[in-house]
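Take a look at the sequence and the structure, then try each task before reading its solution.

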Amino acid sequence: MLHKIIAEKRREVESLKRRLDHGKIEEALGAVAAPLPFVDRLLSSKRKVSVIAEVKKASPSKGVIRPDFDPLALAQAYADANVEAMSVLTDEKFFQGNNDYLTTIKREIPTTPLLRKDFIIDPLQVYEARLIGADCILLIAAALEPRQLSELADLAAELGMDTLIEVHNEAEIEQTLAHTKPSVLGINNRDLKTFETTLKTTERLMSFIPSDLPVISESGIRSREDIDYLAGLGARGVLVGEHFMRQQDITVAVKELVD
Ligand SMILES: O=C(O)c1ccccc1NCC(=O)[C@H](O)[C@H](O)COP(=O)(O)O
């Protein structure tokens, strides 16, 4: 699946190159507000585990998760629960996301930092992330050469954005730490080849991560027990999508999970 998604992203980047040149980027960058400090917000929270709450209509593993999908109403419900940050899927083909969702949420709820959740493989997508209003980008170690990982993270920093680098195994941790200086590291509990999701991935990988590097555990989190388990392992934050998307009252669901 990851290969399929990346092949599609290569096509999307070619089309983006025809629409967005450096002249247009420079001009447009002047008009967007400075990014919010995404990582600081996660690390300064009084909650024992910070929450990145995801706005996610569909996924390759589950199909449509939220049929009555209203991105702004969902984001407002998250903001009402004082989530530390939000993740907004912008991939159209596999997740039914959209750049406009992120831009609208940023315009209407300007105080909550936003992660652009997509599959970034090219510098142009980093510029695009900034232009649509992202405060942070996701970089997936499994999808990038170490040199690309560090170049894309450096570019994000130049543009004032944070980066959440996501790993799923020991080798990816080793490569990431050898080539970048992350201020936070995401462990994805979902195996992107099989879609199998287990929190044991966070447990197994914690010991390979320096104790002063905060960890965000991502995917497959759905109960208070999960949160207690991850907090006990030392995770500083969680990224939760599907569980919240399946709730009637999302504000209550966030509070029940982490307050
Ligand atoms: O969610 C998927 O099926 C998926 C498939 C292939 C690549 C990535 C995928 N998900 C991206 C994510 O990492 C999750 O949206 C995020 O961690 C939230 O996970 P969950 O709480 O399980 O929705």
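**Exercise 1: the core**

Task: find which residues touch the most other members of the largest nonpolar core.

Solution: The largest nonpolar core has 73 residues, and Tyr78, Met86, Leu115, Ile137, Leu139, Val238 and Val254 touch the most other members. Such a core is a set of buried Ala, Val, Leu, Ile, Met, Phe, Trp, Tyr and Cys residues joined through C-beta atoms within 7 Å. Buried means that 20 or more other C-beta atoms lie within 10 Å of the residue's own, with C-beta atoms placed from the backbone.

A note on the model: it is predicted, so local features need pLDDT of at least 70 and side-chain atom pairs count only at pLDDT 80 or more, while totals for chains, interfaces and linings use all residues. Residues are numbered from 1 along each chain as its sequence is written.

Next, pick out Leu115: leaving aside residues up to four places away in sequence, Leu115 touches Phe38, Ile52, Ala85 and Leu164, among others. Touching here means C-beta atoms, placed from the backbone, within 7 Å.

**Exercise 2: a helix with a side**

Task: which residues of helix 12 are buried?

Solution: In helix 12 (residues 250-258; helices are DSSP runs of H or I, at least four residues), these are Ile250, Ala253, Val254, Leu257 and Val258. They cover an arc of only 105° around the axis, so they sit on the same side of helix 12. The arc is that of the directions from the helix axis to the C-beta atoms. Finally, look at what covers them: helix 4 (71-80) and helix 10 (224-233) are included.

Notes
Buried ≥ 20, exposed ≤ 12 C-beta atoms within 10 Å, placed from the backbone. Contact = placed C-beta atoms within 7 Å. Helix = DSSP H or I, 4+ residues; strand = E, 2+ residues; numbered from the N terminus.
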